[in-house]
Amino acid sequence: MLELLYNENNLPKIDTLKAKNYDDADAAGAPGIKRIGILTSGGDAPGMNATIRAVVRAGINSGLEVYGVTRGYHGLWKGEISPIGMRDVSETLQRGGTFLMTARSKTFQTDEGVLKGAKMMEVYGLDALVVSGGDGSFKGARALARLGVPVIGIPGTIDNDIGCTEYTIGYDTAMNTAMEAIDKLRDTASSHERCSVIEVMGRRAGYIALNVGIATGAEVILIPEVDFDFNRDVIRVILDGRNKGKKHYIVIVAEGAGNATEIAYKIEEQTGIESRPTILGHLQRGGSPTLRDRTTASLMGVRAIDCLLAGRYNRIIIEKNGKITDIDIEEGLAASKTIPSIEIENAKRLS
Ligand code: F6P
């Protein structure tokens, strides 16, 4: 929807917004950026607090003032904006969720909402905005960028589904949380000789399901990227396993590939093996971030500040070939990625 609203031919009119000159470098060499805002948007992800902390600390240490915007874009257009200091981010690195809170703002999906957001930035004297979130959040940032507001995006979503980056903050923690839960489910599936069908998050992507499936030794992994035949790829695999002496079974289904309750029902009906569904749901979004998420969030936050200081605006901070770098927001949003077929093949060879 945002894609349509913000296409080139449908740009909002901004004659009321003051044109800013981002070329007049200040003493520190930062090209006109003095006060920045940070918000978290969309679904929360473990490591968002570490992102905020990094932006605040690296920003202030570089001579910038940092303001926190609560409740994502919703708080932006409503003016929920206040300064954040060094001490405000103490003890946040290890905490899950986002202390700035987050929202999926419907208003910000309209031209009017974006304009209101840009005006509110002017009211608070914010020269640039750092946005931590997923694709939808970056589309909001791009809309602001097209109005002339400098923005930086930092990928924060458990789904790992942002096309321009190999890694998104929160993904590792979510997978570890899911893995621990599935290990527990395996214990009880084993005691009862049952089939445990576990639905994991990921929206339309199967990254969590595939890797958690490998890590837990699942018999079946269903992901949206791969078409499957239920009889051949689920029922037959389970029956073959039983004929070889298996006593319990783990089936992982990505939420974009099917529904655990329906799948468990069909497995029990067709095989006679008692089956139980578990939807891990929002459990996967909470918890203390892993080392991977804390360090990635911290280094991406620093990179965001570096971009602003260098006058490199409208960028998404990404991981490419294992290194943290940045890409133009338009280019980044146009990029796509998919799970390499070798990874899918390897998972099959392990089942
Ligand atoms: O994008 C993160 C995510 O957790 C997805 O995996 C899931 O589909 C969605 O958000 C759930 O959104 P909500 O928290 O709004 O129900």
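Predicted model: local features only at pLDDT ≥ 70, side-chain atom pairs only at ≥ 80, totals over all residues.
Colleague: How many residues does helix α4 have, and what distance does it reach from its first C-alpha to its last?

Modeller: Helix α4 covers residues 111-123, which gives it 13 residues.

Colleague: Where do the buried residues of α4 fall when the helix is seen down its axis?

Modeller: The buried residues of α4 are G113, V114, G117, A118, M120 and M121. Seen down the axis, these buried residues fall within an arc of 160°, so they line one face of the helix.

Colleague: Which residues are exposed on the other side of α4, and what covers its buried residues?

Modeller: On the other side of the helix, the exposed residues are E112 and V123. The cover over the buried residues of α4 includes two helices and two strands, namely α3 (72-78), α5 (135-146), β3 (81-83) and β4 (128-133).

Colleague: Is N160 buried or exposed?

Modeller: N160 sits in the loop between β5 (151-155) and α6 (171-192). Beyond its neighbours within four places in sequence, N160 is in contact with E166, Y167, T168, Y171, Y207 and K337. Because its relative accessible area is 3%, and buried means under 20%, N160 counts as buried.

Colleague: Which residue has its backbone nitrogen 3.2 Å from a polar atom of the side chain of N160?

Modeller: Among the residues in contact with N160 are Y167, T168 and Y171. The backbone nitrogen that lies 3.2 Å from a polar atom of the N160 side chain belongs to T168.

Note on methods: Residues numbered from 1 in each chain as written. Heavy atoms only, no water. Helix = DSSP H or I, 4+ residues; strand = E, 2+ residues; numbered from the N terminus. Buried < 20%, exposed > 50% of the residue type's maximum accessible area, 1.4 Å probe, protein only. Polar contact = N/O pair within 3.5 Å; in protein donor to acceptor, adjacent residues only side chain to side chain. Contact = heavy atoms within 4.5 Å. Expected span 1.5 Å × (residues − 1). Arc of directions from axis to C-beta.
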